[in-house]
Amino acid sequence: SLYLPRGSISMFPSLVSTDLMSLVSNQQQDSYALSLAVELHEDGSIDESSIIVTPSLISVTYRLTYNDVDEMLEEGIGYAEEWELG
């Protein structure tokens with residue numbers, strides 16, 4: 001699924017996105033995913049030569065909402081501190 005501030009867009013049928021490939025926290029198994037990395041230009045556009053897509057395994061141990069992340073950023077919590085939440 002594609003997660004956006006005002007909702008999400010499922011890229012698979014409901015059974016797949018809410019069960020088989022779900023990222024529900026405290027799941028007893030890792031989930032397969034594709035991770036995307038890009039570099040942005042100063043104007044916010046994507047540097048197309050920087051795009052990297054790689055298979056990954058995700059182990060969800062906690063869940064953050066956009067409001068949680070906004071609050072963390074406002075308080076200056078980020079990067080290394082984020083990893084300590086799990």
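Q: Helices (H or I, at least four residues) and strands (E, at least two) are DSSP runs, numbered from the N terminus; which strand holds Ile 9?
A: Ile 9 sits in strand S2, residues 7-9. The model is predicted: local features need pLDDT of at least 70, side-chain atom pairs need 80 or more, and totals for chains, interfaces and linings take in all residues. Residues are numbered from 1 along each chain as its sequence is written, and side-chain values use heavy atoms, leaving out hydrogens and water.

Q: Why is Ile 9 called partly exposed?
A: Buried means under 20% relative accessible area, exposed over 50%, and partly exposed in between (1.4 Å probe, protein chains only). Ile 9 is at 46%, so it counts as partly exposed. 

Q: What does Ile 9 touch, not counting residues up to four places away in sequence?
A: Ser 1, Leu 2 and Leu 4. A touch here is a contact, with heavy atoms within 4.5 Å.

Q: Where is confidence lowest, and where is it highest?
A: Confidence is lowest in helix H3 (residues 80-83), at a mean of 50, and highest in S4, at 89. The chain's mean is 77, and 81% of its residues reach 70 or more.

Q: Why is Leu 36 called exposed?
A: Leu 36 has a relative accessible area of 61%, so it passes the cut-off and is exposed. Its place is in strand S3, residues 31-37.

Q: What makes the nonpolar surface patch?
A: Leu 34, Leu 36, Val 38, Leu 40, Ile 46, Ile 51 and Val 53 make it, over about 680 Å². Patch residues have over 30% relative accessible area and no salt bridge; like charges are joined within 9 Å, nonpolar side chains (Val, Leu, Ile, Met, Phe, Trp, Tyr) within 5 Å. A salt bridge is a side-chain nitrogen of Lys or Arg within 4 Å of a carboxyl oxygen of Asp or Glu.

Q: Why is Ser 50 called buried?
A: Its relative accessible area is 12%, so Ser 50 falls under the cut-off and is buried. Ser 50 is in the loop between S3 and strand S4 (52-58). Beyond four places in sequence, Ser 50 touches Ala 37, Val 38 and Glu 39.

Q: What lies 2.7 Å from a polar atom of the Ser 50 side chain?
A: The backbone oxygen of Asp 47.

Q: Why is Ala 33 called partly exposed?
A: Ala 33 has a relative accessible area of 22%, so it lies in the middle class, partly exposed. Ala 33 lies in strand S3.

Q: What makes the Ser 56 and Ser 35 side chains a polar contact?
A: Their separation is 2.7 Å. A polar contact is a pair of N or O atoms within 3.5 Å; within protein, one must be able to donate a hydrogen and the other to accept it, and residues adjacent in sequence count only if both atoms are side-chain atoms. Ser 56 also touches residues including Ser 31, Tyr 32 and Leu 34.

Q: How many of the 86 residues are buried, as a percentage?
A: Buried residues make up 12%.

Conventions: Accessible areas come from the Shrake-Rupley method with a 1.4 Å probe; for residues, only the protein chains shown count as cover. pLDDT is the predictor's confidence in each residue, from 0 to 100.
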